[in-house]
Amino acid sequence: MSNKIIEVQNIKVNITNIDDNDYICISDFGKYKEGKSKADDIIRNWLRNRITLEFLGTWESIYNPNFNSVEFDGFRKSAGLHTFTLSVTEWCEKTNAIGIYAKRGKYGGTYAHKDIAFEFASAISPVFKLYLIKEFERLKEIENQKVTLENAKVVLEEQKKEQAA
C-alpha cells in the first residue's frame, strides 16, 4: 500500500493504492466545501441519497463478488427518508463493500475507489471534480513514465550483459 498526494484547487488530496486499485480520500474533498470538521457530515448526507446508493450498489455488484445485495436492498428502500442515516462503516460491515472504507490514524479519513471518488466529487462541485480528474490523470501519467523508464533501464542492462558475453 503506497500513499501519494495530489493538489486540487489548493486542497491536498491523499491517494492510496490497494491491490492495484487507487483509493482517494474523499474526506479531503470536504475541505473544499465546508472545512475539515464538516467533511464527515457531507459524506453521511451523500450516503443518504438514493441515487448514491444505487451507484454504490451497482459498483459493488460489478466489482465485488462478496457484496451482500440483500442488505443493500434494505438500505435502498430506506434511502431518502428523513429518518434514514448511514455511515461508511455501517455500509461496509453490512454489505461487505470494498469500494469505500473509513480509516483511522495517520492518513485517516474516508477513502473511495477512484470511480466512487469521482462520483462523490460531483456532489461537492463539478469544477472540483474536473480538476480532480485532471490532477489524477497527471499523477497516472507520471507513474507510467517512471515505469517506462525503469523498463528501459532493465532492457539496457540486459543488452550490456549480452554484449559482454
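A residue counts as buried when its relative accessible area is under 20%, as exposed when that area is over 50%, and as partly exposed in between, with a 1.4 Å probe and protein chains only. The model is predicted, so local features need pLDDT of at least 70 and side-chain atom pairs count only at pLDDT 80 or more, while totals for chains, interfaces and linings use all residues. Residues are numbered from 1 along each chain as its sequence is written, and side-chain values use heavy atoms, leaving out hydrogens and water.

His113 has 7% relative accessibility and therefore counts as buried. His113 belongs to strand β5, residues 109-113; strands (E, at least two residues) and helices (H or I, at least four) are DSSP runs numbered from the N terminus. Apart from neighbours within four places in sequence, His113 is in contact (heavy atoms within 4.5 Å) with Asn21, Asp22, Tyr23, Trp59 and Gly99.

Thr89 lies in helix α5, residues 88-95. With a relative accessibility of 40%, Thr89 counts as partly exposed. Between Thr89 and Tyr131 there are 42 residues in sequence and 28 Å in space, from C-alpha to C-alpha.

Helix α2 (residues 39-48) packs with helix α6 (residues 114-124) at an angle of about 100°, and their axes are 11 Å apart. Axes are lines fitted to C-alpha atoms, for helices over the stretch in contact, and angles between N-to-C directions run from 0 to 180 degrees. The two helices, α2 and α6, are therefore roughly perpendicular, a term for angles of 65 to 115 degrees. Ile42, Ile43 and Trp46 of α2 make the contact with Ile116, Glu119, Phe120, Ala123 and Ile124 of α6.

Definitions and conventions: Parallel < 35°, antiparallel > 145°, perpendicular 65-115°, else oblique.
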